[in-house]
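User: Can you walk me through this fold? I'd like the strand layout first, then the overall picture.

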Amino acid sequence: STVMTRVVAGLGWDLLDDVHAKITLRKNDRAWGTQGAAGQMNTTTNDQAISGATGLFGTTFINEASVKVDKLFGALDTTVGRQFWGNSGDLIAAWGPKNNYGLYVTAIDAVSAMYANDMIEFAGIAGKAVDAPIGTAANAAIVNDTTATGIDVGVKKLPPPSEPQPMPPS
């Protein structure tokens, strides 16, 4: 009999033709029907409040803050900063909004790169999944900095098989 609410708003803009910035804000600090910050939910996982203030800005969190460079070195789409990565439900790893009780949102402080052409897709990541707000003192009971590195390679489309050649007459 508890309804959880979450508002996620993202803003992206072009800094240059091939350089883009992104910030995503989230507010879900309460169960439906509670006042203000009472019944707070998910305020210690991957959260950085906009300010140290109380009220709206003290309970609005930054979940993404990144810069993306298209075609770095002519091939790699590279993202640096706090970001969502993967897709919800991925078997190995995914950071982003969750559809579980509490409506948790996770992110990773990382460098990620992606490359794709007609035949293959490549995605790589190296970073830290942080379970505490940026700039807070580490608390061994709740902080679990996890280093994440990995690559994902996929084949998009194999070339069609060649037609069988007729045997030459003998």
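This is a predicted model: local features need pLDDT of at least 70, side-chain atom pairs count only at pLDDT 80 or more; totals for chains, interfaces and linings use all residues.

User: Which residue of β4 does Ser-66 stand opposite?

Analyst: Gly-81 is the residue in β4 opposite Ser-66.

User: OK, zooming out. How many helices and strands are in the protein chain?

Analyst: The protein chain has zero helices and seven strands. Read from the N terminus, the elements go β-β-β-β-β-β-β.

User: And in what order do the seven strands sit in the sheet?

Analyst: The order is β1-β2-β3-β4-β5-β6-β7. The sheet is open, and its pairing is antiparallel.

User: Which strands stand at the edges?

Analyst: β1 (7-16) and β7 (146-155) do. Each has a single partner strand, so one side of each has no neighbour in the sheet.

User: By what angle are neighbouring strands turned against each other?

Analyst: On average 15°, ignoring direction.

User: What holds strands of a sheet together in general?

Analyst: They pair through backbone hydrogen bonds, parallel or antiparallel.

User: Switching topic. What share of the residues is buried?

Analyst: 28% of the 170 residues in the protein chain.

User: And the accessible surface, how much of that belongs to carbon and sulfur atoms?

Analyst: Carbon and sulfur atoms account for 61% of about 11,000 Å².

Technical notes
Residues are numbered from 1 along each chain as its sequence is written. Side-chain values use heavy atoms; hydrogens and water are left out. Two strands pair if DSSP finds at least two bridges between them. Helices (H or I, at least four residues) and strands (E, at least two) are DSSP runs, numbered from the N terminus. Axes are lines fitted to C-alpha atoms, for helices over the stretch in contact, and angles run from 0 to 180 degrees between N-to-C directions. Buried means under 20% relative accessible area, exposed over 50%, partly exposed in between (1.4 Å probe, protein chains only). Accessible areas come from the Shrake-Rupley method with a 1.4 Å probe; for residues, only the protein chains shown count as cover.
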